[in-house]
Structure formats: C-alpha cells, structure tokens
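I opened this model to note its overall build, its sheet, its aromatic pairs and its salt bridges. My entries follow in the order in which I looked things up.

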Amino acid sequence: MTEDSRIAVIDATAAGKGKRTFTREAIGAGTRSICGVLEKHHVPAKIFLVEEILAKGFPEEFTTLFLSGMSMDKTAIRKAIALWRKDHFGKVVVGGPITSELLSALTTTMADIIVIGEGELTLEELLTKGCLNGRNDNSFAGLLEQINGIGFFSTDGKPKLTQFRRYSTREEFRAFQASTARITDYPNYFSAKVYVEVVRGCSNFGGTRLRLPDGRQCIECGACDGGSLERRAQCPSKIPPGCG
Ligand code: SF4
C-alpha cells in the first residue's frame with residue numbers, strides 16, 4: 001500500500017438488504033482479524049456497519065474498500081459498492097462467507113477482488129505485492145493470477161478464480177493477532193456480545209445436501225458427519241464445509 005492508504009472495512013454481516021430492523025447484539029470476529037493484518041502492515045483502517053454507510057455515506061478520506069458479509073447480505077454489499085464507486089476509484093475487496101459462492105460472489109457484487117476462505121495469508125500477499133494499490137482497473141491481473149484463494153476480473157473482463165489456498169497451519173494461525181483497537185468502531189461495543197476466535201473452523205462442518213449452482217452434489221458418503229475436522233473437510237464432491 002502507499003503511504004496515504006486508508007481502508008474502510010464494512011461489516012455487512014446479517015444486514016440483509018441494508019436496513020436493519022433490530023439492534024445488532026453480537027459482534028463477529030472476522031473484520032477485526034482482517035484489521036489485525038492491516039495493523040501488522042501499518043495500514044490505517046476503520047470498521048463501519050453497512051447500514052451506517054448506506055444512511056450517511058462514506059467519509060472522504062478512504063482509499064480502498066473492504067466488505068464482509070454472508071450470502072443473505074448481497075443486496076447490502078452491492079448497495080455499499082455502488083455508493084463507493086460514485087465518489088471513489090479505489091479497489092473493492094469482498095470477503096467472508098459470501099465468497100463460498102465463488103464466481104457468483106464476484107459477478108453479483110462486481111468487486112475487484114474476492115478473498116475466498118481464510119483471509120489473513122491471502123490479504124498479506126495482496127498487500128506485500130501491491131495489488132490493492134491504485135484504481136479499480138484490472139492492471140494487476142498478471143500478479144493476481146499468482147495469488148491463491150482469490151477471484152478477480154482478468155484483462156479481457158472475464159471473471160476468474162485462482163487455486164484454492166490450503167488451510168493455514170496452527171503456527172500460521174497463531175502468527176496473526178486480531179485488532180483489539182477496532183472494537184470501539186462498533187457503536188454498541190460496550191454492551192454487545194463480542195466474539196473472539198479461539199478455534200478456527202465452521203461450527204457446522206457438514207456439507208449441504210442441496211445441489212450447488214455449479215452442479216456439485218453431495219453423494220451422501222457421510223465423511224463430513226463426524227470424526228476429525230480435517231477429515232470432515234475432505235469432501236469427495238468438493239462441497240465446502242458449512243450449512244449442512
Ligand atoms: S463429505 Fe461431501 S459428499 Fe460426503 S456427505 Fe458430506 S457433503 Fe456429502
């Protein structure tokens with residue numbers, strides 16, 4: 001990143017269409033994990049709730065936009081990206097559970113980059129290779145092709161996924177620290193249930209039995225139903241863990 005880089009990190013988790021009708025009583029760990037990586041690389045960042053941004057707009061001083069959310073939050077994410085692109089030219093990076101939709105997460109949000117699965121090592125590579133600098137064009141496509149665990153638009157405008165990144169080892173996981181400073185960006189941090197990450201993995205390691213949009217289908221082998229988490233993640237039909 002350049003010296004004047006500042007990243008707005010939007011938490012869209014459970015925001016749905018962007019108009020929250022209930023108070024958020026829990027704060028997830030993902031956005032603070034990502035802010036921890038940015039702090040390690042001395043890149044200033046601030047977390048915002050998506051509904052806050054959709055209601056009041058973006059503060060001017062940010063150069064890059066990160067968003068995190070689930071599939072149900074696609075509408076809120078798309079609205080925030082549209083708002084960003086009215087006044088900003090910086091890159092848009094989408095992460096979180098929504099990216100388990102793979103290419104569809106890229107083409108429906110029209111982010112510049114999606115980060116699939118665990119974000120720390122991928123983000124670190126994007127930062128150190130300078131891929132988050134500059135405008136939202138695809139001039140970095142050549143570099144991006146070499147980074148595992150992302151999706152982006154290639155120079156001919158086609159959506160593209162790189163190879164999946166392997167799961168981080170225990171040592172790699174321990175090498176990162178989530179930001180503690182950024183918790184105060186959440187307006188109700190003092191009264192909310194604040195999640196901290198002590199074990200990594202989905203609380204539901206079962207794969208979905210429903211057919212995925214790209215045709216992948218569970219063959220009911222039962223491997224994801226019990227046993228070691230590592231074994232449960234090795235699905236013969238390449239169904240990602242979660243929501244089974
Ligand atoms: S491991 Fe995959 S194929 Fe086997 S039961 Fe789970 S989702 Fe189905």
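Entry 1, domains. I took the centres of domain 1 and domain 2 over C-alpha atoms and found them 26 Å apart. The domain assignment puts domain 1 at 7–161 and domain 2 at 203–244. I note here that the model is predicted.

I looked up the extent of the C-alpha trace, which spans about 50 × 50 × 35 Å along the principal axes of the chain. The chain has a radius of gyration of 18 Å, and a compact globule with 244 residues would have one near 18 Å, so the two agree. I also checked burial: 45% of the 244 residues count as buried.

I counted eight helices and nine strands in the chain. Which strands form the open sheet, and in what order? I read the order as β3-β1-β4-β5-β6-β7-β8, seven strands with mixed pairing. The edges are held by β3 and β8 (159–161); each has a single partner strand, so one side of each has no neighbour in the sheet. From one strand to the next, the twist averages 20 degrees.

I then looked at one pairing inside this sheet. Strand β6 (residues 113–115) runs antiparallel to strand β7 (residues 150–153), with three bridges between them. Opposite I113 I found F152 in β7.

I found three aromatic pairs in the structure. For F48 and F62 the ring centres are 5.5 Å apart and the planes stand at 90 degrees, so I logged the pair as edge-to-face. F48 sits in strand β3 (residues 45–49) and F62 in the loop between α2 (50–56) and β4 (64–68); the pair links distant parts of the chain, 14 residues apart. Both F48 and F62 are buried.

I next took Y189 and F190. Their ring centres lie 5.7 Å apart with the planes at 80 degrees, so this pair is edge-to-face too. Is F190 buried or exposed? Its relative accessible area is 64%, so F190 is exposed. Y189 comes out at 35% relative accessibility and therefore counts as partly exposed.

I found 15 salt bridges in the structure. One of them joins the side chains of K74 and E101, at 2.8 Å from N to O. K74 belongs to helix α3 (residues 74–87) and E101 to the loop between β5 (92–95) and α4 (103–109), so this contact ties together parts 27 residues apart in sequence. I have E101 down as partly exposed, with a relative accessible area of 25%.

I also noted the salt bridge between the side chains of D156 and K158, at 3.9 Å from N to O. The cut-off for a salt bridge is 4 Å, so this pair is counted. D156 and K158 are both exposed.

D185 has a relative accessible area of 10%, so I recorded it as buried. Which residues are joined with R182 and D185 into one network? I found K46 there, joined to them through salt bridges that share partners.

Methods
Residues are numbered from 1 along each chain as its sequence is written. This is a predicted model: local features need pLDDT of at least 70, side-chain atom pairs count only at pLDDT 80 or more; totals for chains, interfaces and linings use all residues. Side-chain values use heavy atoms; hydrogens and water are left out. Rings of Phe, Tyr and Trp (its six-membered ring) pair if their centres lie within 6.5 Å; planes under 30 degrees apart count as stacked, over 60 as edge-to-face and the rest as tilted. Helices (H or I, at least four residues) and strands (E, at least two) are DSSP runs, numbered from the N terminus. Buried means under 20% relative accessible area, exposed over 50%, partly exposed in between (1.4 Å probe, protein chains only). Domain bounds come from an automatic or database domain assignment. Two strands pair if DSSP finds at least two bridges between them. Axes are lines fitted to C-alpha atoms, for helices over the stretch in contact, and angles run from 0 to 180 degrees between N-to-C directions. The radius of gyration is taken over C-alpha atoms; the globule rule is 2.2 Å times the number of residues to the power 0.38.
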